[in-house]
Amino acid sequence: MAEPVILFHDRLATPIGELIVIADGDGKLRAIDWTDHEARMNQLLARAYGSHGYRLQPKRDPGGLTAAMRRYFKGEIAILASLPAAAPGTAFQTAIWKALRRIEDGATISYAELARRIGKPKAIRAAGLANGQNPVSIVVPCHRVIGSDGSLTGYGGGLERKRWLLAHEGVSVR
C-alpha cells in the first residue's frame with residue numbers, strides 16, 4: 001500500500017467566513033473551501049486521493065498561500081492568477097478549470113460561454129457540474145460564472161459569498 005500524500009492545511013479569517021487552505025509539499029494549492037463546508041471539501045479530497053490516500057497536517061501559511069489569500073481579501077485581486085494550483089480531476093474538469101482561470105479579473109461569463117470556451121458548446125450542464133466540483137474555488141474563480149440572463153446561480157459557498165466575491169472584484173450583480 002502506497003504512503004498517503006501529505007497535504008498541509010491552514011485557516012484564514014476573511015470578511016465572509018473562515019477559509020481552509022490546503023497545499024502540497026511543493027506549495028501548490030490542492031483545495032480551498034469555507035470551514036462551514038469542510039465535509040464537502042473532505043469528500044472531494046477523498047474522491048481525488050482515496051479515503052486513506054492523503055493525510056492533513058497543520059502548517060502555518062503553506063507555500064505562502066494563506067498570505068496570498070489574505071492579500072486577495074485586502075483588495076489585491078490580481079494575485080489569484082499567480083497562485084499555483086494542482087487540483088486533480090478528469091480531462092473535462094481540468095479543461096473547465098483552466099478556462100475559469102482565464103476569466104479576467106472583474107469579469108463574469110455564463111455557463112454557456114464557459115462550455116463554448118473549451119470547444120464543447122452543447123456541454124453547458126456538464127460545464128456547470130465541473131464548475132461545481134472545483135476544489136480550489138476563488139483561485140480557480142468559479143464564482144465568476146453566472147446565468148445567461150445575468151443572474152447569480154449556484155456557488156458551493158452560498159450565493160451571498162458569491163455576491164460578495166464579485167462585488168469585491170468590482171462586478172455589480174443583481
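This is a predicted model: local features need pLDDT of at least 70, side-chain atom pairs count only at pLDDT 80 or more; totals for chains, interfaces and linings use all residues.

Colleague: Fine, start with the layout. Which domains does the assignment give?

Modeller: The assignment for the protein chain gives domain 1, covering 5-82, and domain 2, covering 91-169. Their centres, taken over C-alpha atoms, are separated by 19 Å, and the contact takes 22 residues from domain 1 and 18 residues from domain 2.

Colleague: And what does UniProt list for residues 12-83?

Modeller: The unreviewed UniProt entry lists those residues as "domain: Methylguanine DNA methyltransferase ribonuclease-like". Over residues 12-83 the chain in this model is 29% helix and 29% strand, with the end C-alpha atoms 16 Å apart.

Colleague: On to pockets, then. What volume does the largest pocket have?

Modeller: The largest pocket has a volume of about 320 Å³, and its lining is made up of 22 residues, of which Asn131, Gly132, Cys142, Tyr155 and Gly156 lie nearest the centre.

Colleague: How does that lining divide by class?

Modeller: The lining of the largest pocket has 10 nonpolar, 9 polar and 3 charged residues. As for where they come from, strand S3 (29-34), helix H1 (38-49) and helix H5 (124-132) each supply at least two residues of this lining, and at least three residues are drawn from each of domain 1 and domain 2.

Colleague: What about the second largest pocket, which residues line it?

Modeller: The second largest pocket has a volume of about 160 Å³, and the residues lining this pocket include Arg30, Leu44, Leu45, Arg47, Trp97 and Gln133. By class, the lining of the second largest pocket divides into 7 nonpolar, 3 polar and 2 charged residues.

Colleague: Which element gives the largest share of that lining?

Modeller: That is H1, which contributes 5 residues to the lining of the second largest pocket.

Colleague: And where does the second largest pocket lie relative to the domains?

Modeller: The second largest pocket lies between domain 1 and domain 2, because both of them give residues to its lining.

Colleague: Is Cys142 buried or exposed?

Modeller: Cys142 counts as buried, because its relative accessibility is 6% and the cut-off for buried is under 20%.

Colleague: Which residues does Cys142 touch?

Modeller: Leaving aside residues up to four places away in sequence, Cys142 touches Leu100, Asn131, Asn134, Ser137, Tyr155 and Lys162. Among these contacts, Asn131 and Tyr155 are also among the residues nearest the centre of the largest pocket.

Colleague: Last topic, Phe8. Where is Phe8 found, and is this residue buried or exposed?

Modeller: Phe8 is found in strand S1, residues 5-14, and with a relative accessible area of 17% Phe8 is buried.

Colleague: What does Phe8 touch?

Modeller: Not counting residues up to four places away in sequence, the contacts of Phe8 include Val21, Ile22, Ala23, Gln57, Lys59 and Pro62. For a distance along the chain, Phe8 and Leu29 are 21 residues apart in sequence, while their C-alpha atoms are 9.5 Å apart in space.

Definitions and conventions
Residues are numbered from 1 along each chain as its sequence is written. Side-chain values use heavy atoms; hydrogens and water are left out. On a 1 Å grid over the protein atoms alone, a cavity is a set of points where a 1.4 Å probe fits but cannot get out, and a pocket is an open set with protein on both sides within 12 Å along at least five of seven lines; lining residues have an atom within 4 Å of a point. Grid points are joined across faces, edges and corners, and a volume is the space filled by probe spheres set on the points. Helices (H or I, at least four residues) and strands (E, at least two) are DSSP runs, numbered from the N terminus. Ala, Val, Leu, Ile, Met, Phe, Trp, Tyr, Cys and Pro count as nonpolar, Asp, Glu, Lys and Arg as charged, and the others, Gly among them, as polar. Domain bounds come from an automatic or database domain assignment. Buried means under 20% relative accessible area, exposed over 50%, partly exposed in between (1.4 Å probe, protein chains only). Contact means heavy atoms within 4.5 Å. UniProt positions are given in the numbering used here, feature names are shortened, and annotations may be inferred rather than shown by experiment.
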